[in-house]
Amino acid sequence: MARVGVFVCFCGANIADFVDVPAVTEEAKKIKEVKYAIEYKYMCSDPGQQMIRDAIVQHRLTSVVVAACSPRMHEKTFRKALSDAGMNPYLLEVANIREHSSWVHQKDKKAATEKASDLIRMAVAKSIANEQLHEISVPVTKRALVIGGGIAGIQAALDIADARIPVVLVEKSPSIGGRMAQLDETFPTLDCSQCILTPKMVDVASHPFIELLPYSEVMELDGYVGNYKAKIKRKASYVNFDTCTGCGACWQKCPVKVPNEFNMGIDKRKAIYSPFPQAVPNKPVIDAEHCTMLLKGKCGICAKVCEKGSIDYTMQDEIVEREIGAVVVATGYDLWDPSPYEEYGVGRYKDIITSLEFERMVSANGPTGGVPVRPSDGKVPKRVVFIKCVGSRDEAKGIEYCSKICCMYTAKHAILLHHKVHDSHAYIFYMDIRAAGKGYEEFVKRAQVETGATYLRGRVSKIYKKGENLMVRGEDAQLGQVVEVEADLVVLATAIYPYKDNPDLARLLGISYDKYGYLSEAHPKLRPVETAKAGIYLAGCTQAPKDIPDTVAQASAAAAKVCGLFAGDTLKKDPMISTVNTEFCTGCQNCVTVCPYQAIVTEEIPLGHGSKEMRIVAKVNEGVCQGCGSCVAICRSMAIDLAGFTDMQIINEIVSI
Amino acid sequence: MKLTTYSTDQAGLQAFYEAIIRAHDTYGPVEKFGKFDFKKVNSLSECDPESPIPRTMSVKPLFFPKSAKVMKYTATSAGTELSDTAEDPLAGKRVILGVKHCDARGLQVLDAVYKWDYIDTDYEKRRENTILISPRCDQAATHCFCTSLDYDLETLDAVDVAVINGADRKIYLQARTEKGETFLKENATGLTSANGSAEAEMKKQYETFAASFRLKMNYQEINERMQGQFDSPTFEEVPSSCVSCNTCAFVCPTCHCFKISDEKIRDKGVRYKSYDSCNNVYFTLMAGGHNPRPVKYRRWRQRAMHKFVYYKERFGVNLCIGCGKCTTSCPVNISIFEVVTKVASSMQE
Amino acid sequence: MDYTKQIQDIAGRLFSEGKIDIFIGYRNTGFDENQVPVLIHQYKDVDQLLFTDKSVFNLANYLKYEHTRNKRVGLIVKGCDSRALNLMLTESQVKRENLYIIGIACEGVVNETGEKAQNCVECMMPDAVVYDELLGSATGKREYQVNADIRELDEKTLTDRVEYFEEIFENCIRCNACRHSCPLCYCAKCCIDQETATLFHGANTTSSAFHALMTWSLHLAGRCVDCRNCEKACPIHLPLHLLHKLNEKVIYENFQENLAGMTEGDRGAFYKYSLSDPDDFIL
Amino acid sequence: MEAEIKEKIVSMEKPHMEAPPDWQPVIMGILCNWCSYAGSDLTGTSRIQYPPNIRIIRVPCSSRVDPWFIIKSLQTIADGVLISGCHPGDCHYISGNYYARRRFLVTKKLLNFVGFHENRVQFSWVSAAEGAKFAKVVTKVTEDIRKLGPLHLYKKENS
């Protein structure tokens, strides 16, 4: 027999002024199951909570209804009070008579009072069907998987590993470093990118808690938070990393030349190559698509010159499995392809390059030794036009969003150009200058003052060839007239675009992505690091365009999340999740279809007691279920119920208003 | 027994019916969705007392409704207060037109169980206050086998007033019970007294009627044979096409199983007594989880045995009255006639 | 449409090759022209089998009972029946490898008065969509047409519809024959019989009938194949198809969904969504 | 005037049944925890006033709402039902409201077909920031149902 206690709060004057609290209490006393009802000034105060605790013991209550403010406010407080009195905290129901009655019906006390009584009656009816629930604990494998070895992945891996948690860092290319390794100097301090990045790369390689898997890809991820199992493909490198010393004899002798991705195709690399001199690990791999030995079985020069005999043409792809508890996704970005801008002559004129190509050229370890040159004739350009927002903020041809970093790096490029070619002049076409960030506005000012660059506010409408040079025609919106600039070189600040394999990866991980391919965070403001799938976190440009400081910050945040997740031996979860009553389950698996978290799997159980025949039923994975109730509402046989919001509880509420 | 008889013609019968409808609360077979169901009528045009047997529902709901209120209650912290339901809508004095004889016979059979150890006062009152007026069947329908189950001239007292088609379009109205006698006399305006003259024609009419039957059985023999047939494997075979739909029980004039359910809203509850069926899987499910009849054939066995053995054992009368309603309504036309004859004959093999 | 000979041959062959334990087909009632389903267990009974335009009942219904579970079953399916079967396969209620399916390219069955049944006139997919062997020549998918009764009722005023439907729900005796004869109502314990429902809808009152029929029709929304087994089973001949056809119309017109059970793996409109679903009815 | 009366008759379930003079509609509100319930809390915190006829049930997500909650509500005490969830794309549980939207449309049309006025069952998307919208929606729904009068269809006897 249910024994419900009702505790009505005045909330000072907040409730009492507009709801006749004593009358509400009297009304509550009339309900059959209510054995105790009392009102108090502040139920959430210590004496108020003490009243609840005392009444639970004294009146042998089986459930408690607190009529006060929104359950979103004090549900936890009162649950704790129940716990302290030795009662299961989930036997509490809160009737929201403040936000839902006294505050919104201030002109009609009678109606507000009636409504408050009804809300209490509903809460009492619901509480009768409340069951004792217990926090769910899920075991955790304390190992993190970091996907992507750019600055985001490196930072996340280091932070997690520094907390003495093992990390598996998977990088698709032969070396970690990512986009940041391609940069020359970084805004707003102009410190050398390599100088600040390489120590971190070396740390990764030597860290006892980091297992670095370069030239690898994640193939499968099964399981759920704390208990994932990842299958990782280690692509055949055809080089035995254990014996290779990275001497470089092989790539010096290799006869096959391939456009160098690291240098944006400006120069060539070999078929056996290490992407850049500071690569980590600094071991070459053979590019199977171009190696003549692998393609045609002829050549074998690298094997001949390798003193260590590290070359192994028979090497195969290898699948390794790792048990992990959490994942940080840091796959980075690609550049948006500017070819829709036909009026700029993209693809037709060699002397139009992207900003990352320019970055490689001005980089000290770049293909041109740090001096920008014109691709057409190799001359050093004097007049360089930079066009910002190529693709960004352009609904018609490009994408709607702002790529965030172009204003800053274009300012940087103007400075770098000035440093490398002293008598040069930069013309910068821009829409707005977005320089929000520490030291950013100052940096743009510095670029303008130091280099004397001409900032032209307006869009470029056409680029055409004039002799050897390019004529850039655009609008100077401030003067309101058309301007034409003769340029030796044009640099397009192309937009950031999500890494092209993001959708495939998202499907593999079971997380969502937006229309561009950026992976979706759980909440844009309050959970920007988590994904909707528990235990999977995001870092860097895989989620949205970011500069290096933001990327590093998010990576550290993701690492903190992982460390928090791994803080205990088990994960504690809210027990309000779905459960299957196998007696009624028909095994139709519709719940499996609608579950947004893949939390429902199937299992086989005997048809009857001791029967050898089996039937399929659904099974909820406690670790994954988030308690949305989608499965409950679509289950025709009502075999699934959601603890805390059971059918019985809701029906009780419906029939008692 | 001396039976008051009147004679009239078709027009006179219509007038008789109309007079009754004007003077009394009258129920008659009203067509809806192609089926005739007994509803309250205000004029003869609304109903058809001669409705065809296969398309007419049983009259049972007027005595044992599909759902009836047992009581109302209010549960508060002051205690639970019971209150009688509003007046029974079926308890008043009333006349039912167009009752089929099998139906009326079904009520007679049901009387045995309702007036057994505990007397169902609601049922008794409804029975007492009702006059059944019944046109006698001239022609058996496809699934009828009532003549095989104790239907003869003597048992016609299942109805209060019998309407008999005589020769030359003459129609006889004959009182078959005391209640019917009083009623007929009171309402005899316009009718010609014809005491004693109908018997011969009735006999003749019955003979042609009896000859029109497709199905015939010796139920005494079947009853005896089936008593030992509880474990007969025939039960497992015969109803294999049954879809366990319960329809047979719901349309049967003599099925009387019910369930009790409460419907409580806020602090007020109503307790109902509603039809149930032994063909329902959960009919015999017990609190501990045990179900003695989890499979179809066991439920079918129960149904057949109850209809032809158990009831007779206890009350001396066969529960099945051979109306064929279950077979007509069955979506796959399973005939209880076929089932019991097969089971009974399987012993001989 | 008469495939009696072919079906007898196939069933005979299946029994003699030992490929099936049970064959589900139709036989004559023995007292009139109509047909009833029959479950045949052995070769010698094969000659009972029939198939004409009076073979109305949807035999997929028999696959939900205990005596066909895990048995090798041969059965006949018309277009609508095969779609129900497809849904049962999708929802893991039967195993395809246990079935030998004789599909019919159906020309329509007749109703009690001998005319072509309404659901056959309006049928969108008369050919069986899942089968091992197809009898007759397939004619393909047809145009969707709104059910004639729905069109008629839609034109009525709300008040008239209220009266019309009140009659239906008042007359329902809650025998549940509709759900028992539906092949897609295979739940071990129907939600309507469960404690949560019986506590408030246990009686056979009009309000309970309303609850039961509405719940039932919503559980079949996007799944009903319009075989009308339910309507045939209803002892009081309630026009139950109205509820299903209305759902079908709403789903077809608003979600551009395929017919229920057209392809294996398609669970029906309620088990998926589209970002472009209508939103204008929401405040 | 005549057209107005006709319109009223056409749009009412049982035009001959008059509402008692002191009748107040009862509306069952079922709100998702993350958006609409939070939004309704905000209505309270902002002290935006709305008619006191709604009784609110909290569910985790609009996809938790089984259509028979609606049917049951209408059969017991409520004269109308309002169900509210997150805007499309904002679902806390990724896709819950998309599934719910389909069910709601079919349920609404079916109920309307069998005789319930379409305003008896309403749905809304109210985000956690839309306290004012919540008040507006509740006011509209309450007024719509007040116009329709008490619900008499398929009610439980003791309601």
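**Legends to close-up views of a predicted model**

View 1. The buried residues of helix 12 of chain A are A:Ser355, A:Glu357, A:Phe358, A:Glu359, A:Arg360, A:Met361 and A:Val362. A residue is termed buried if 20 or more other C-beta atoms lie within 10 Å of its own, exposed if 12 or fewer do, and partly exposed in between, with C-beta atoms placed from the backbone. Helices (H or I, at least four residues) and strands (E, at least two) are DSSP runs numbered from the N terminus. The model is predicted: local features need pLDDT of at least 70 and side-chain atom pairs count only at pLDDT 80 or more, whereas totals for chains, interfaces and linings use all residues. Residues are numbered from 1 along each chain as its sequence is written, and chains are lettered from A and ligands numbered from 1 in the order in which they are written. Because seven of the eight residues of helix 12 (residues 355–362) are buried, this helix of chain A is largely enclosed by the rest of the structure. The cover over its buried residues includes strand 20 (352–354), helix 13 (406–420) and strand 27 (489–494) of chain A.

**View 2. Nonpolar cores.** A nonpolar core is a set of buried Ala, Val, Leu, Ile, Met, Phe, Trp, Tyr and Cys residues joined through C-beta atoms within 7 Å. The largest such core holds 391 residues, of which A:Ala67 and A:Val327 touch the most other members. Leaving aside residues up to four places away in sequence, A:Ala67 touches A:Val6, A:Phe7, A:Val8, A:Cys9, A:Val24, A:Ala95, A:Ile97, A:Ala116 and A:Ile120. Another core, of 54 residues, lies apart from it and has among its members A:Tyr333, A:Val346, A:Ile387 and A:Ile415.

**View 3. The loop around B:Gly92.** B:Gly92 is found in the loop between strand 5 (79–83) and strand 6 (94–96) of chain B. With 13 other C-beta atoms within 10 Å, B:Gly92 is partly exposed. Not counting residues up to four places away in sequence, B:Gly92 touches B:Asp25 and B:Asn129; residues are in contact if their C-beta atoms, placed from the backbone, lie within 7 Å. The C-alpha atoms of B:Gly92 and B:Arg169, 77 residues apart along the chain, are separated by 35 Å.

**View 4. The two domains of chain C.** The domain assignment, which is automatic or taken from a database, gives domain 1 (4–135) and domain 2 (148–271) of chain C. Taken over C-alpha atoms, their centres are separated by 24 Å. The contact takes 23 residues from domain 1 of chain C and 21 residues from domain 2 of chain C. On the side of domain 1 that touches domain 2, helix 2 (79–90) and helix 3 (118–121) of chain C each supply at least two residues. The largest share of that side, nine residues, comes from helix 2 of chain C.

**View 5. The contact between chains D and C.** Chain D contributes 39 residues to the contact and chain C contributes 33 residues. Helix 1 (2–11), helix 3 (67–75), helix 4 (96–113), strand 4 (121–125) and helix 5 (131–148) of chain D are the elements that give two or more residues to the side of chain D that touches chain C. Helix 4 of chain D provides the largest share of this side, 12 residues.

Notes:
Contact = placed C-beta atoms within 7 Å.
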